[in-house]
Amino acid sequence: MFRCALCSGQDVRELLLIDHPDRFEQSIGIEPKDYRRSWVECLQCGGATNVLPEESSFRLKKLRSAYYEVDFMGSDIGEKYHRVMSMPAGKSDNAGRVARVMDFVRRWSGAFSLPRIMDIGAGTGVFLSRLVDQTGGAWHYLGVEPDPRAAAHLRQLEKFAVVEAMYLGQTDLRGFNLVTLNKVLEHIEQPLPFLLQVIQSLVPEDGLLYVEVPDKLTARLRSPQDNILGSLHCHLYDLTSLGQLLRRAGLELMCVNRVAEPSGKLSVYAFAAPAESVEKKGLPHE
Ligand SMILES: [Zn+2]
C-alpha cells in the first residue's frame, strides 16, 4: 500500500508512466524488458513520488552517494564548473539562485554580523563560488559534498571550506545562520527526518533555511526523458507540498514560490526559519 513520505497520505493518482530504464538504471544493469516506473501524485499534499521497480530501487541505493561517476562519465567536473561559471548572469540558474538568496538575506537578516552558511550537496560548487564572489568573501562558507570526485574538485577551487561527507546531522555541522539545499531534497526518500536534522544545524534565534526543488509541473510540461523525472529523484514538489513539509518539520514558512529558470528547469523554492528567529527578527522588509 502506498503511503506518502511527505504527509502520510494514502490516496494517489498516476501522473506519468515511464517504460524504459534511464541512464542511471542502465549503468547498473536494469533491463528494459517489462520495465515500469511511475510518478504518482498524493491527493492529500500534492507531492509527487517516484515509484520504482523493486530491483531498480534496491540497486540504486548504492549509487546515490556517488552518482557523479555516472553523471560525469566522459566529462570532467572542473570543465563543467568553468563552463557554468562563465555563463552570463541572465542565462545562469545559479546567478538567479544567488540573487534570490542574497536579496532575502539582505532584507531579513541585517542582524547577521558574519553569516555562517552551509550548502548541503555543494555539487560542482557554482552556487557557493558565485555567492563568495558576490559577497566579497565576507561570510563563512562551507560546502558539504559526499561524492569523492566532486569534493576533490571543490577543495581544488580554494574558495570555501569543504567537508567530504554525506550530511547526517553531524554534531560538528551546527551553528549556521543560513543552510541551503539546492536540488538536494528531491534525492531524499524520507525528507521529514532529514529536515529535522538540518534544523539542528541552524542557530535557533538567527537561522534561515533555503530549499529549492524541482517543480511537480515538470511531469506535465517537460519531456518524460527529462533528467528531473529520472530514477534518482524520489519526490517532486509544488507550493503546497513543499510548504506543508517545512511546516511539519516545525519551521515557520516565510515564502514559497515557483520559477522557470533560464535553463528551462521548473523549480519551487522556499525560505523558512525556526520560530525563534521569526519572533526575534519579524518579517523581511520590502
Ligand atoms: Zn502527501
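Four strands form an open sheet in the order β1-β2-β3-β9, with antiparallel pairing. Strands here are DSSP runs of E with at least two residues, and helices are runs of H or I with at least four, numbered from the N terminus; two strands pair if DSSP finds at least two bridges between them. This is a predicted model, where local features need pLDDT of at least 70 and side-chain atom pairs count only at pLDDT 80 or more, while totals for chains, interfaces and linings use all residues. Residues are numbered from 1 along each chain as its sequence is written, and side-chain values use heavy atoms, leaving out hydrogens and water.

- Inside the order, β2 (residues 37-42) and β3 (residues 48-51) are joined in the antiparallel sense by 4 bridges, and V40 has T49 in β3 as its bridge partner.

**The zinc site**
- C4, C7, C42 and C45 coordinate the zinc ion through their SG atoms at 2.3 to 2.4 Å (donors are N, O and S atoms within 2.8 Å of the metal, or 3.2 Å for Na, K and Ca; water is not among the atoms, so sites may look incomplete).
- The 4 donor atoms make angles of 97 to 114 degrees, and the site is tetrahedral (for four donors, all angles lie between 85 and 135 degrees).
- Along the chain, the donors are spaced as C-x2-C-x34-C-x2-C.
- C42 counts as buried because its relative accessibility is 2%, and C45 does so at 4% (buried means under 20% relative accessible area, with a 1.4 Å probe and protein chains only).

**Parallel strands around β5**
- Strand β5 (residues 140-144) has 4 of its 5 residues buried, so the rest of the structure largely encloses it.
- β4 (residues 116-120) runs parallel to β5 and is joined to it by 5 bridges, with I120 opposite V144.
- On the other pairing, β5 and β6 (residues 161-163) are parallel over 3 bridges, and L142 is the bridge partner of A161.

**Helix α5**
- The 16 residues of α5 (residues 93-108) should span 22 Å at 1.5 Å a residue, and the end C-alpha atoms are 23 Å apart, which agrees (the expected span is 1.5 Å times one less than the number of residues).
- Buried residues of α5 include F104, V105 and W108.

Conventions. Four donors count as tetrahedral if all angles lie between 85 and 135 degrees; four count as square planar and six as octahedral if opposite donors are over 155 degrees apart and all others between 65 and 115; anything else is irregular. Buried means under 20% relative accessible area, exposed over 50%, partly exposed in between (1.4 Å probe, protein chains only).
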